[in-house]
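Q: Please go through this structure and say what lies behind the terms used for it.

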Amino acid sequence: SGNALLAAYTGTTLGALTPVASTNTNGCLSIQFDISTGMQYRIAVDGENIGAGAGEAAFQLSFSGAAQNDNFANPHWLFGSSPATNSVSSIAATKEPNEPVHDGVGGGATVWFSWTAQQSTTTTVSVASQDGFDTTNMVLAVYTGDALTSLTPVVSSNELGGVTVEFVAQARTNYMIAVDGAGLGGFAERGTFDISIQSSTA
């Protein structure tokens with residue numbers, strides 16, 4: 001047995017390949033890199049210390065672009081005081097420079113949401129895994145503030161497969177909501193999840 005290997009290269013001959021990105025670990029692998037228009041990339045999948053006679057392994061290779069709400073400056077907006085549920089993917093999400101460590105848990109696949117309270121309410125934010133997060137903690141954090149470097153934490157938590165937080169939202173206050181997956185950088189867990197907001201008058 002051994003780790004799986006995933007790597008991307010540029011180049012036209014085997015002896016002159018230029019490494020672009022790579023990783024190795026047990027389980028699901030993910031690498032991220034910027035692409036250039038017209039450039040051909042070669043993707044290699046291999047096994048480490050498999051040994052002769054170990055047989056073949058099946059795998060699925062998928063590609064995706066960056067998550068639309070990957071950056072703090074471009075959040076997915078949530079509206080209203082009634083329940084609002086959205087199916088969201090963090091498959092290609094990253095962590096920005098100067099981004100806080102949410103709930104003290106190392107991550108690297110944050111997607112951002114923005115929600116404004118119309119009145120003072122007791123508010124519950126929940127995220128539930130659809131796939132991909134079932135084997136590690138999801139991380140949910142709520143902040144106020146207009147800049148990534150000066151956010152004020154409101155509430156946060158992390159839990160296996162899904163997490164819920166509750167706080168008293170203040171009228172006409174905008175809240176930034178971060179959803180991340182445990183693990184560092186390319187090893188941060190990614191997947192698809194539902195996010196919902198429910199409010200009741202405080």
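Q: Which residue in β9 stands opposite V139?
A: In this predicted model, V139 stands opposite N158 in β9. Strand β8 covers residues 137-144.

Q: How do you know that β8 and β9 pair, and in which sense?
A: Two strands pair if at least two bridges are found between them. β8 and β9 have eight bridges, so they count as paired, and the sense is antiparallel.

Q: What is the order of the five strands in the open sheet?
A: The order is β4-β6-β11-β8-β9, with mixed pairing. β4 and β9 (152-160) are called edge strands because each pairs on one side only. On average, neighbouring strands of this sheet are turned by 20 degrees against each other, direction ignored.

Q: What makes K95 and E99 a salt bridge?
A: The cut-off is a side-chain nitrogen of Lys or Arg within 4 Å of a carboxyl oxygen of Asp or Glu. The closest N and O atoms of K95 and E99 are 3.5 Å apart, so the pair qualifies. The structure holds one salt bridge.

Q: Why is E99 called buried?
A: Buried means under 20% relative accessible area; E99 has 8%, so the term applies.

Q: Is K95 buried or exposed, or in between?
A: K95 has 27% relative accessibility, which lies between the limits of 20% and 50%, so K95 counts as partly exposed.

Q: Why does F63 count as exposed?
A: Exposed means over 50%, and F63 has 67% relative accessibility, so F63 counts as exposed. F63 lies in the loop between β3 (42-47) and β4 (76-78). Together with I43 and V45, F63 makes a nonpolar surface patch of about 290 Å².

Notes:
Residues are numbered from 1 along each chain as its sequence is written. This is a predicted model: local features need pLDDT of at least 70, side-chain atom pairs count only at pLDDT 80 or more; totals for chains, interfaces and linings use all residues. Side-chain values use heavy atoms; hydrogens and water are left out. Patches are made of residues with over 30% relative accessible area and no salt bridge: like charges are joined within 9 Å, nonpolar side chains (Val, Leu, Ile, Met, Phe, Trp, Tyr) within 5 Å. Accessible areas come from the Shrake-Rupley method with a 1.4 Å probe; for residues, only the protein chains shown count as cover. Helices (H or I, at least four residues) and strands (E, at least two) are DSSP runs, numbered from the N terminus. Buried means under 20% relative accessible area, exposed over 50%, partly exposed in between (1.4 Å probe, protein chains only). Axes are lines fitted to C-alpha atoms, for helices over the stretch in contact, and angles run from 0 to 180 degrees between N-to-C directions.
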